Amino acid sequence: MVKIEGTLDEIRELIGDVKRTTSAVKSTTKKVAKAAKGTTRKLSAWQRYIKNKSNHIKFKRGDKKGRLDLKRMSAAFKRSRKK
């Protein structure tokens, strides 16, 4: 723990500075996050293929039932690109 000594006005001054700096830090982090989010790159052909729900091939039984079967999806993707 930190012990702060001083008059009430001095303590309020210190705490006020802390509040101002924390709000400044929050605003700058939001600006940086927004700038970073704005730069997007083009998805690869595989990522676009996976994004399309009609291309999803799922396991029908067993422990993995309901999960995507990436092995079969990969084979189908490669066959579709073989033109």
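Residues are called buried when their relative accessible area is under 20%, exposed when it is over 50%, and partly exposed in between, as computed with a 1.4 Å probe on protein chains only. By this scale Leu70 is partly exposed, because its relative accessibility is 45%.

The model is a predicted one, in which local features need pLDDT of at least 70 and side-chain atom pairs count only at pLDDT 80 or more, while totals for chains, interfaces and linings use all residues. Residues are numbered from 1 along each chain as its sequence is written, and side-chain values use heavy atoms, with hydrogens and water left out.

Leu70 belongs to helix α3, residues 70-80, where helices are DSSP runs of H or I with at least four residues, numbered from the N terminus. Apart from neighbours within four places in sequence, Leu70 is in contact with Trp46 and Ile50, contact meaning heavy atoms within 4.5 Å. Further along α3, Met73, Ala76 and Phe77 are buried. Viewed down the axis of α3, these buried residues fall within an arc of 100°, so they line one face of the helix; the arc is that of the directions from the helix axis to the C-beta atoms. An α-helix has 3.6 residues a turn, so residues three or four places apart point the same way. The buried residues of α3 pack against α2 (45-51), whereas the face turned away from the buried side carries the exposed residues Lys71, Lys78 and Arg79.

**Helix α1**

Helix α1 covers residues 8-38, and Leu14 is found in it. Of the 31 residues of α1, the number buried is 0, so this helix lies largely in the open. At 1.5 Å a residue, α1 should span 45 Å, and its end C-alpha atoms are 45 Å apart, which agrees; the expected span is 1.5 Å times one less than the number of residues. Leu14 counts as exposed because its relative accessibility is 51%. Together with Val2, Ile4 and Ile15, Leu14 makes a nonpolar surface patch of about 410 Å². Thr28 also lies in α1 and is partly exposed, with a relative accessible area of 42%.

**Separations between C-alpha atoms**

| Pair | Apart in sequence | Apart in space |
|---|---|---|
| Leu70 and Val25 | 45 residues | 43 Å |

Conventions: Helix = DSSP H or I, 4+ residues; strand = E, 2+ residues; numbered from the N terminus. Patch = residues over 30% accessible without salt bridge, like charges linked within 9 Å, V, L, I, M, F, W, Y side chains within 5 Å. Areas by Shrake-Rupley, 256 points an atom, 1.4 Å probe, with all protein chains shown as cover. Salt bridge = Lys/Arg side-chain N within 4 Å of Asp/Glu carboxyl O.
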